[in-house]
Amino acid sequence: MTATINHHPSDEVLLSYSAGGLAEAFNLMIATHVSLCDECRARVDAFDTLGGVLLDNGDVETADVGADALAKTLAMIKDGDPTPSMRKKSIPGVLPQPLQDYVGGDLEAIKWRSVGMGVKQAILPTSKEASARLLYIPAGAAMPDHGHRGLEMTMVLQGAFLDDGERFGRGDVETADCELEHTPIADFGEDCICLAVTDAPLKFNSLIPRLAQPFLRI
Amino acid sequence: MTTTTSSSSMEWAEHVERIRDCKDQQAFAELFGHFAPRVKAFLIKSGADASLAEECAQEVMATLWHKAHLFDPSRASVATWVFTIARNRRIDVLRKQRRPDPEDLPWGPEADPDQEDVLTLQQESQQLREALSQLPVAQKELIEKAYFGDLTHSEIASQTGLPLGTIKSRIRLALERLRHAMK
């Protein structure tokens, strides 16, 4: 699909996605990235294979099911599939399907809120342990200078950003933790749209954004 | 060695095909007899009580029936597929969260998986099973904890010492062929 993704999530995060240990916001990040990246789809499938082996190997524990379990299951099957056999197919657009499921459509469905200096954001509804939001950064503009308290992953959906001498384009994921102080800048040419996911509130290094932080929920 | 060790994995894949093609209840009963007790044990280890685990195991097996047409034996063994269904059910029921899935890659009518690909993938899943059984107990327990317990990503060591790279390359190849066939 896209041949030029150079920055991928770590094995730890992909294994955790496969094992079911990630918070919803990070699951959304990985599902979105994998939709664009066959390399990581194969890595996740390999970790899923390990899950299958753990479920079904020679010395795995089993728990007896009730004597009527098969009959009950067959009755359940007769009632039909409770979930649609295929999810509603998204219209090909800038947002991969997992994101369209959360936004309710492609770019035009995003409810942006301005956070100043042309930067806009839209918070997505996920469980509370971590947060996911879409960021809109005008071409050539900097994201507010910030460090991190937890883990943050940022993935480019449109345009590109430059950070610390590296370029991140569509599908690329930048992973940052507490050690990194960084200032991504949107590349010239096109406004940049990113998915950013974090498990702790960001701290900004200039005074005004820091004051505004509790109201902005970032 | 490879043909005999892959036989059970291939057989389960054929069982799923029989469900898909002729709604074969006998094939389903055999799959149920093998996998339902394993799914139930997995859910109990993940924190469900016995009656919830029983109910979920039945739902997982019913899903296997309904989604049989989505099973792709060139990318997963039946055990892998059952694991992913059970894991999603666990997140849904025990953690009450959505688990976003990647965009589907449905098989087109002209894109049936290559039998050679299927056989190799099934063999390699079997080899992974053997490699796991030869790991030191402590390492095996750590991997189990990552999958069945609730380790966070930072507590997980992704260096499992298992030949996952081979499987990844195999699946990558199957994906490339699929993309090519869908063009």
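A polar contact is a pair of N or O atoms within 3.5 Å; within protein, one atom must be able to donate a hydrogen and the other to accept it, and residues adjacent in sequence count only if both atoms are side-chain atoms. The model is predicted: local features need pLDDT of at least 70, side-chain atom pairs count only at pLDDT 80 or more, and totals for chains, interfaces and linings use all residues. Residues are numbered from 1 along each chain as its sequence is written, chains are lettered from A and ligands numbered from 1 in the order in which they are written, and side-chain values use heavy atoms, leaving out hydrogens and water.

**View 1. Gln158(A) in strand β5 of chain A.** Strand β5 covers residues 152-158. Strands (E, at least two residues) and helices (H or I, at least four) are DSSP runs, numbered from the N terminus. Gln158(A) counts as buried because its relative accessibility is 15%; buried means under 20% relative accessible area, exposed over 50%, and partly exposed in between (1.4 Å probe, protein chains only). The side chain of Gln158(A) reaches the backbone oxygen of Asp191(A) at 3.0 Å. Beyond neighbours within four places in sequence, Gln158(A) is in contact (heavy atoms within 4.5 Å) with Val94(A), Leu107(A), Glu190(A), Asp191(A), Cys192(A) and Ile193(A).

**View 2. Domain 1 and domain 2 of chain B.** The domain assignment gives domain 1 as 9-100 and domain 2 as 131-181; such bounds come from an automatic or database assignment. Their C-alpha centres lie 19 Å apart. Seven residues of domain 1 are in contact with six residues of domain 2.

**View 3. The interface between domain 1 and domain 2 of chain B.** The buried area is about 680 Å², and carbon and sulfur atoms give 61% of it. Buried area is the accessible area (1.4 Å probe) that two parts lose on being put together, summed over both. Two residue pairs are in polar contact across this interface, both at pLDDT 80 or more. On the side of domain 1 that touches domain 2, α3 (25-45) and α5 (78-94) of chain B each supply at least two residues.

**View 4. Ala50(B) in helix α4 of chain B.** Helix α4 spans residues 50-66. Ala50(B) counts as partly exposed because its relative accessibility is 45%. Not counting residues up to four places away in sequence, Ala50(B) touches Lys40(B) and Ile44(B). Ala50(B) and Lys40(B) are 10 residues apart in sequence and 7.9 Å apart in space, C-alpha to C-alpha.
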